[in-house]
Amino acid sequence: MVPVGSVVISIDAELGWGFHDLDEPPRDRVESGRRGWESLLSILERHDVPATWAVVGHLMLEDCDGEHADHPAPPGWFERERTTWRERPDLRFGPDLVRAVVDSPADHEFASHTFSHVLFGDLETTRELAVAELERAQDLAADWGLALESLVYPRNDVGHREALADCGFHAYRGRSPTPDGVVGLLDSRLRNRSLLVEPSVDEYGLVNVPASLFLFGFEGPLRTVAESVWTDPMLAQARRGVDQAAAGDGVFHVWLHPNNLVSERDDARLEALVGYIARLRERTDLTVETMGSVAARVLESPADDSFPTPR
């Protein structure tokens, strides 16, 4: 049951940690992480639109030895931090950026993206490693006077939900019911699928707040061609989701990374969407929520057949 139409924006804030395990990280996105973070925060503040900022915990550190000897990560996990990125603190640390989110006048939710971007659905990720990632993130947040209630899984790789519940989290971003990118865009349009999702309580008592749309799932030459003959297809799709939420019958959950904002064209897409959300919020009953506020609302709702009974 979703009593009001709402929009949720969740942000995977990771700087270099989103790519450190890749053999060939995308240079443009790696280098745009800080620029995109600042631009994204500025746009949200300008329109007073709150979001869920899921931050990699390592970014809260001022420095480290790059070894993390007490962390049960697999061999080589922190190798890039110790080698090629050793002299790139701008990719490894971000307390200045974290502080900007925490001090923002917009009522953002500070959430977790784990400590070092470990993939929880990977068969090699043990419960011990999952718990270590979650507990380290919780400890760092506590050092900042913050409490973590929501998690965005790195690369949307959902796993170890029992550990998530045991570590005190209440919500996570679940997978979208439709594919990202061109396939999902065409499928949604051709079948006239709704972009709204319904949060639910899983068997561990966690609230799954599924994604609706990845805002930068249609890029490269295809995006350029589409914009030259029509309009920005992802912006049009996102506005469609906002319109559906404004009708008052579900949650439209859009997500992105700061490093998706590589150029002014990307800034313009986000500016147009956030401005549209703000205008509809003024003219309709549309609300803007965070993952945490959705979870609180769902958990406070009377139990019905829509939500399985928590263990």
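Okay, D48 first: this residue is partly exposed, at 45% relative accessible area. On the cut-offs, buried is under 20% relative accessible area, exposed is over 50%, and partly exposed sits in between, using a 1.4 Å probe and protein chains only. D48 lies in the loop between α2 and β2, and phi there is near 50°, a positive value in a residue other than glycine. When I say helix or strand, I mean DSSP runs, H or I over at least four residues for helices and E over at least two for strands, numbered from the N terminus.

Bear in mind that this is a predicted model, where local features need pLDDT of at least 70 and side-chain atom pairs count only at pLDDT 80 or more, while totals for chains, interfaces and linings use all residues. Residues are numbered from 1 along each chain as its sequence is written, and side-chain values use heavy atoms, with hydrogens and water left out.

Now H117, in the loop between β3 and α6 (127–143). Phi is positive here too, about 70°, and H117 is not a glycine either. Buried or exposed, then, for H117? Buried, with a relative accessible area of 2%.

On to the strands. β2 (52–55) pairs with β1 (residues 6–13) in the parallel sense, over 4 bridges. Pairing means that DSSP finds at least two bridges between the two strands. On the other partner, 4 bridges join β2 to β3, and those run parallel as well. If you want to click on something, S10 stands opposite T52 in β2, and W53 stands opposite F110 in β3. T52 and A54 point one way from β2, W53 and V55 point the other way, and all of them are buried.

What about helix α5, residues 95–102? P95, L97, V98 and V101 are buried there. They sit on the same side of α5 because they cover an arc of only 160° around the axis, the arc being that of the directions from the helix axis to the C-beta atoms. So what covers those buried residues? The cover includes α2 (33–46), β2 and β3 (109–112).

You'll find L59 in the loop between β2 and α3 (79–82), and it is buried at 0% relative accessibility. Contact here means heavy atoms within 4.5 Å. Leaving aside neighbours within four places in sequence, L59 is in contact with, among them, W17, W37, R92, P95 and V98. The C-alpha atoms of L59 and S116 are separated by 8.8 Å, with the two residues 57 apart along the chain.

R92 belongs to helix α4 (residues 89–92) and counts as buried at 6% relative accessibility. Again skipping neighbours within four places, its contacts include W17, H58, L59, C64 and E81.

C64 is partly exposed at 24% relative accessibility, whereas C167 is buried at 15%. How many disulfides does the structure hold? The count is 0, taking a disulfide as a pair of cysteine sulfur atoms within 2.5 Å.

Last one: helix α11, residues 264–283. This helix has 20 residues and reaches 28 Å from its first C-alpha to its last, close to the 28 Å expected at 1.5 Å a residue. That expected span is 1.5 Å times one less than the number of residues. Buried residues of α11 include D266, D267, R269, Y276 and L280.
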